[in-house]
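Student: Could you help me learn to read a structure like this one? I would like to take the features one by one.

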Amino acid sequence: MAKANYGVIGLGRFGTSVALTLTQEGKHVLAIDRDEEKINSIKDYVTSAKQADSTDKDALVEAGIANCDVVVVGIGKEVDASILATLNLKELGVKYVVAKATSDQQGKILAKIGADRVVFPERDTGARLAWQLMSSDVLEFIELSPMYAVREVEVPKQFVGKAIKQLHVGTKFNVLVLAIQRGGERMIVPSTDRKFLRDDRITLVGKTEDIKHFAEHFRMK
Ligand code: ATP
């Protein structure tokens, strides 16, 4: 989803963090909130910021939501508003909607009405922290250190039809293929015999500069 246009609805702490992180990574972000103050404080930091009530389908259309491939609904506490926003987005044909839930019931409803992914920020962060406490902090270190990165990129055309081991990705570029995303299927640590197909997306791990070099070499974002 590297080339997607992103939308974020509901600029609480969660939505704001999603919007700013995507923007920092150079993505197009449309930020929406019904609260004018929230819009004023974010408008200089994202591609565009529009005041709109996401329970109103027409207002979402007017804000330009139809141009977004991925929309994150960051409304949590107001369950009705989060449900209606999600429903509107799916009815408007947004391909991938991520909705935030603050309870299991809200999560179930959001999934039922078509959210493609439901996240429970507090619960997920708590679980992640517990796992980190029980294991080494390698992944967190990679995530947080500017020196290392885990990045998903589209498969280079030159790779299509070839196996990982034929391409010597590790020795040529100093990066490791951590996963291949193929449609709905995700292959974690794929066998090096595995051949790449068109439209695959690959997750690389390595030094930030090596990943950048890889992306520049194949002219990808
Ligand atoms: P966080 O924990 O991320 O701070 P929260 O769970 O407290 O957020 P809410 O307070 O419910 O979440 O909402 C977050 C944001 O969503 C607020 O800025 C609020 O103005 C906005 N919001 C709520 N309802 C709507 C709506 N119908 N349309 C657009 N924005 C909305």
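Tutor: Happy to. Helices (H or I, at least four residues) and strands (E, at least two) are DSSP runs, numbered from the N terminus. Here, D200 lies in the loop between β9 (185-188) and β10 (201-207), and F196 is found in the loop between β9 and β10 as well. Keep in mind that this is a predicted model, where local features need pLDDT of at least 70, side-chain atom pairs count only at pLDDT 80 or more, and totals for chains, interfaces and linings use all residues. Residues are numbered from 1 along each chain as its sequence is written, and side-chain values use heavy atoms, with hydrogens and water left out.

Student: Is D200 buried or exposed?

Tutor: Buried means under 20% relative accessible area, exposed over 50%, and partly exposed in between, using a 1.4 Å probe and protein chains only. D200 counts as buried because its relative accessible area is 1%. F196 is buried too, since its value is 0%.

Student: Which residues is D200 in contact with, leaving aside its neighbours within four places in sequence?

Tutor: Contact means heavy atoms within 4.5 Å. With those neighbours left aside, D200 touches E154, V155, I180, Q181, R182 and K195.

Student: Which side chain makes a polar contact with that of D200?

Tutor: A polar contact is a pair of N or O atoms within 3.5 Å; within protein, one must be able to donate a hydrogen and the other to accept it, and residues adjacent in sequence count only if both atoms are side-chain atoms. The side chain of D200 pairs with that of R182 at 2.7 Å.

Student: How many residues surround the ligand?

Tutor: A residue is near a molecule or strand if one of its heavy atoms lies within 4 Å of it. For the ligand there are 20, the closest being R13, F14, D33, K38 and K77. A backbone N or O atom of F14 lies 2.7 Å from a ligand oxygen atom, while a polar side-chain atom of K100 is 2.9 Å from an oxygen atom of the ligand.

Student: And how is the protein chain divided into domains?

Tutor: Domain bounds come from an automatic or database domain assignment. For this chain, the assignment gives domain 1 (5-138) and domain 2 (141-217). Their C-alpha centres lie 28 Å apart.
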